[in-house]
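Work through the exercises below with the sequence and the model open. Try each task before reading its solution.

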Amino acid sequence: MKRLEGKVAYITGVARGQGRSHAIRFAEEGADIIGIDVCSDIQTVPYPGATEADLAETVKLVEGLGQRMVAHHADVRDVDSLRAAADDGREKFGHIDVIIANAGIVSYAPILDIDEPTWQAVLDINLTGVWKTMKAVVPALIERNKGGSVIVTSSVLGFFAMPNLGHYVAAKHGVTGLMRSLALELAPHDIRVNSVHPSTVETPMILNEASLRLFTGGQGDTREEAAAAM
């Protein structure tokens with residue numbers, strides 16, 4: 001028996017990158033997927049956002065593994081769209097067992113040079129978006145009364161700092177604290193809450209000109225050069 005046979009996972013930022021990877025891995029273990037992504041560019045972000053074609057490809061890959069997936073265009077800044085996706089998924093699959101709050105963005109500047117829209121976008125998506133995901137979906141786990149798992153994507157920068165990423169560092173430290181508080185509150189319901197703390201992962205968030213310039217000090221602009229520097 002696969003480890004997640006009969007389980008349903010709700011994943012944000014599922015169209016590509018780590019979100020797609022989570023969906024595929026969960027499907028390999030027998031889970032069905034409720035996936036959401038905004039599928040658009042974010043004005044303050046220095047790289048293109050996911051597309052509808054990316055989201056469709058994730059669905060194709062999950063279904064190719066013999067599992068079901070419902071996909072929604074939803075923004076983690078909009079709790080109503082998150083809740084609507086959860087309700088639709090529960091109607092189709094009957095329940096939700098796992099929540100993966102994965103959606104996130106990054107941009108780069110010294111703290112005193114960050115403008116207000118850039119600061120707010122990172123905090124709204126990377127921190128408040130996680131809280132809104134919990135608000136929208138965790139009640140379904142509590143109502144089912146069979147335990148469950150909540151996983152939030154923080155970062156190594158949820159533990160320490162790096163120059164030119166102060167807004168991102170603040171958000172990811174906040175996510176770590178949110179995880180710890182939510183773990184205490186959901187423990188009586190047998191719901192685990194954990195965070196994961198990736199470093200530089202080969203996704204469009206990292207493999208773009210602005211990111212490579214920051215992380216390699218301008219010394220590498222190809223994938224191979226960046227990998228060596230990182």
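Two strands pair if DSSP finds at least two bridges between them; strands (E, at least two residues) and helices (H or I, at least four) are DSSP runs, numbered from the N terminus. The model is predicted, so local features need pLDDT of at least 70 and side-chain atom pairs count only at pLDDT 80 or more, while totals for chains, interfaces and linings use all residues. Residues are numbered from 1 along each chain as its sequence is written, and side-chain values use heavy atoms, with hydrogens and water left out.

**Exercise 1.** In which sense do β5 and β6 pair, and over how many bridges?

Solution. Step 1: find β5 at residues 148-153 and β6 at residues 191-196. Step 2: the two strands pair in the parallel sense, over six bridges.

**Exercise 2.** Which residues of β6 are on its covered face, and which on its uncovered one?

Solution. Step 1: in a regular strand the side chains alternate between the two faces of the sheet. Step 2: I191, V193 and S195 form the covered face of β6. Step 3: R192, N194 and V196 form the uncovered face.

**Exercise 3.** Which element gives the largest share of the lining of the second largest pocket?

Solution. Step 1: a pocket is an open set of points on a 1 Å grid over the protein atoms alone, where a 1.4 Å probe fits, with protein on both sides within 12 Å along at least five of seven lines; lining residues have an atom within 4 Å of a point. Step 2: 16 residues line this second largest pocket, and R192 is among those nearest its centre. Step 3: the largest share, four residues, comes from β5.

Technical notes. Buried means under 20% relative accessible area, exposed over 50%, partly exposed in between (1.4 Å probe, protein chains only).
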